[in-house]
Amino acid sequence: MELTQEKLEKLREKANDIRTSIIEMLVEAGSGHTAGPLGMADIFTIIFFHTLVHNPKEPKLENRDRLVLSNGHICPLLYATMAHAGYCPIEELKTLRKYGSRLQGHPWRERLPGLETSSGPLGSGLSQAVGMALADKIDHGLTSSRRIYCLMSDGEQEAGATWEAAMLAGKERLRNLVAVIDRNNIQIDGYTEDVMPLESLAEKWRAWNWHVIEIDGHNMEEIADAFEKSKSIFERPTIIIAHTIPGKGVKEFERDYRWHGKPPNKDEAKIALAELRTLGGKIRSEHQ
Amino acid sequence: MLNPRLKLNKNLFEEKVEQIPIRKGYGEGLVKAAELDSRVVGLCADLTESTQMHLFKEKFPQRFIELGVAEQNMAGVASGLAAMGKIPFISSYAVFSPGRNWEQIRTTICYNNQPVKIAGSHAGISVGPDGGTHQAIEDIAITRVLPRMTVISPCDALEAKRATIAAAATDTPVYLRLAREKTPVITTEDTPFKIGKAEVYWQVDNPKVGIIATGALLYQALLAAKEFGDIEVMNLATIKPLDEKGILEFAKRCQKIVTVEEHQVAGGMGSLVAEFLAKEYPVPIEFIGVHDQFGESGTPEELIKHFGMDKDSIVKAVKRILKR
């Protein structure tokens, strides 16, 4: 589908709605992660509302693409995006992390139709995505149009299993596989380059025979273009290193690693919601 | 006497009883399972011949994936393949899989509920000369605690073949526990096998003790029974789900139980039997197995004797329990 200016504007609004939902659900839950979900909201919006072949009314659709969220702790974003796409009622987002909820603290595949994997323990998502891409290659060969997407954090680039999976994908030349790294430079203990330096990430991935694309993770057109370009790469899997701002959309939260693993309290949520609802002051009041 | 219904190997107690490695039965079973179902795929971590997966690889090269020394990745990749409708078998040494990759098995296979089949070769101390690093004697404990996991420990190569074919047909994760060395062939092509069904291999009229054995040590238990008399021997090939009905009947008939396994006593098959009987029908139990130690180098025979798991040690345990 063509990405017109009109559609781009709608997608930006959608991303803003999703960020608003994230704040609302986190303050209700009283625990959970804030920075990562806000930072990846633009990418999730493009994936679910533009790039992914899927049908929320038919989660088991035979020819659907697959989306593997490896860093399961940003699931408030996954749930919010799925709800806005129609996988579950938006009202259900308020049940996040509560007893009996389909929206577990970290995703549990069997609980919510549309979740492709359970996740949370870092460094395991790419392996599963590689398995899915291999299955598609075994069944449909090199001409398959199915895409397997895997979303990872930058922190989990410290996990050895990530590199085991990267090596195999390079060896098997999985052209149907696209991974995204949320390069927001933070993790629980601090800034990534203080905890465990990751750079140069791009060179590391090139070394394992991946096609590397670096983008501004908040530029909707760049995000959509990167996914589109990956389709033209034949002999290699593609990694999109998305430079993002953790906490994006709420000035008070942005770039502060302390927002990695905690939710806003009621007062902080009020500030955040006011900022999101007025699009950072671009519109005059949150009632418009 | 040997249970006639089970059509066991008549030459079992001959000096020249046929010996085949249990892992070989797995390799042959996997080929058969792959012939029966095109969804079967095989994954290996640089131990293709040693785990006998090379038989599958030669016949189905398009369905074989070599991952290199990367067992954690192997579990996750298998989960992804299963999510797309495949029936993946993953092969390595049990120390590495389900050992090294336990968390990936827990989260990506069991919690995800994907029907991946994990074949752990070189289980037990009878691995021999390789020494303690390569002797998995904790693998039953770490797999039986996982919800949804089926745990099977075949007694010989033919049972391993049948278990492998049966495992491919279930929709659950399965752990197949396999031994490295040649061991006596106890069963025949005609012996029945069903996941979850324990069978009494050696029967007597008025048993005083019942031995429950799993894996290749079943042979030592049968030797002990033949020598001592008044003993029945059960082959508990499926450790989980436990054949509760079969074990209850066995305990009621025998009144005293000796469990035999090439594994840590803590958390192993004997523990599982004890947990069940403590609740349903408490009887005295003696546990043959490794007691909170690591393995070491030696021949299988030397090690089985050293760790008190040979025929003589089993007879001693029977005598002990008769005094209780």
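This is a predicted model: local features need pLDDT of at least 70, side-chain atom pairs count only at pLDDT 80 or more; totals for chains, interfaces and linings use all residues.

**Entry 1: chain A as a whole.** Next I went through the secondary structure of chain A and noted 10 helices and seven strands. I then looked up the extent of chain A: its C-alpha atoms fill a box of roughly 50 × 45 × 40 Å along the principal axes. Does the radius of gyration agree or disagree with that of a compact globule? It agrees, because a compact globule with 288 residues would have a radius near 19 Å and chain A has 18 Å. I also wrote down that 52% of the 288 residues of chain A count as buried.

**Entry 2: a buried helix in chain A.** I picked helix 4 of chain A, which covers residues 75-85. How many of its residues are buried? I found 11 of the 11, so helix 4 of chain A is largely enclosed by the rest of the structure. Among them are C75(A), Y79(A), M82(A) and H84(A). I asked what these buried residues pack against, and my list reads helix 1 (5-29), helix 2 (35-39), helix 3 (41-51) and strand 1 (66-69) of chain A.

**Entry 3: one residue in a strand.** I clicked on V180(A), which sits in strand 3 (residues 177-183) of chain A. Is V180(A) buried or exposed? I counted 27 other C-beta atoms within 10 Å, and the cut-off for buried is 20 or more, so V180(A) is buried. Leaving out residues up to four places away in sequence, V180(A) touches I43(A), L151(A), M152(A), I240(A) and A242(A). I also checked E221(A): it is 41 residues from V180(A) in sequence, and their C-alpha atoms are 16 Å apart in space.

**Entry 4: chain B as a whole.** The secondary structure of chain B comes to 12 helices and 14 strands. Along its principal axes, I read a span of about 55 × 40 × 40 Å for the C-alpha trace of chain B. A compact globule with 324 residues would have a radius of gyration near 20 Å, and the 19 Å of chain B agrees with that. I noted 59% of the 324 residues in chain B as buried. Of the contacts in chain B between residues at least 6 apart in sequence, 78% join residues at least 24 apart.

Entry 5: Apart from residues up to four places away in sequence, L158(B) touches G25(B), V185(B), T187(B), T188(B) and E189(B). From L158(B) I looked across to P4(B): the two are 154 residues apart along the chain, with 17 Å between their C-alpha atoms.

**Entry 6: where the chains meet.** How many residues does each chain bring to the contact? I wrote down 24 residues from chain B and 22 residues from chain A. On the chain B side, helix 3 (71-83) and helix 5 (102-111) each give two or more residues. Helix 3 of chain B gives the most, with nine residues. Sorted by class, the side of chain B that touches chain A has nine nonpolar, 12 polar and three charged residues.

**Entry 7: two pairs of helices.** I stayed inside chain B for one more look. The axes of helix 3 and helix 5 of chain B come within 9 Å and cross at roughly 5 degrees. That angle is why I call helix 3 of chain B roughly parallel to helix 5 of chain B. Residues in their contact include Q72(B) and A75(B) from helix 3 and I105(B) and T108(B) from helix 5 of chain B.

Then I followed helix 3 of chain B across to helix 5 (residues 125-140) of chain A. Their axes come within 6 Å and cross at roughly 50 degrees, so helix 5 of chain A and helix 3 of chain B are oblique to each other. I noted the crossing of these two helices as right-handed. Among the residues that meet there are S127(A), G131(A) and L134(A) from helix 5 of chain A, and N73(B), V77(B) and L81(B) from helix 3 of chain B. By class, this contact has nine nonpolar, seven polar and no charged residues.

Conventions
Residues are numbered from 1 along each chain as its sequence is written. Chains are lettered from A and ligands numbered from 1 in the order in which they are written. Two residues are in contact if their C-beta atoms, placed from the backbone, lie within 7 Å. Helices (H or I, at least four residues) and strands (E, at least two) are DSSP runs, numbered from the N terminus. Ala, Val, Leu, Ile, Met, Phe, Trp, Tyr, Cys and Pro count as nonpolar, Asp, Glu, Lys and Arg as charged, and the others, Gly among them, as polar. Axes are lines fitted to C-alpha atoms, for helices over the stretch in contact, and angles run from 0 to 180 degrees between N-to-C directions. Angles under 35 degrees count as roughly parallel, over 145 as roughly antiparallel, 65 to 115 as roughly perpendicular and the rest as oblique. A crossing is left-handed if the near helix is turned anticlockwise from the far one by less than a right angle, and right-handed if clockwise. The radius of gyration is taken over C-alpha atoms; the globule rule is 2.2 Å times the number of residues to the power 0.38. A residue is buried if 20 or more other C-beta atoms lie within 10 Å of its own, exposed if 12 or fewer, and partly exposed in between; C-beta atoms are placed from the backbone.
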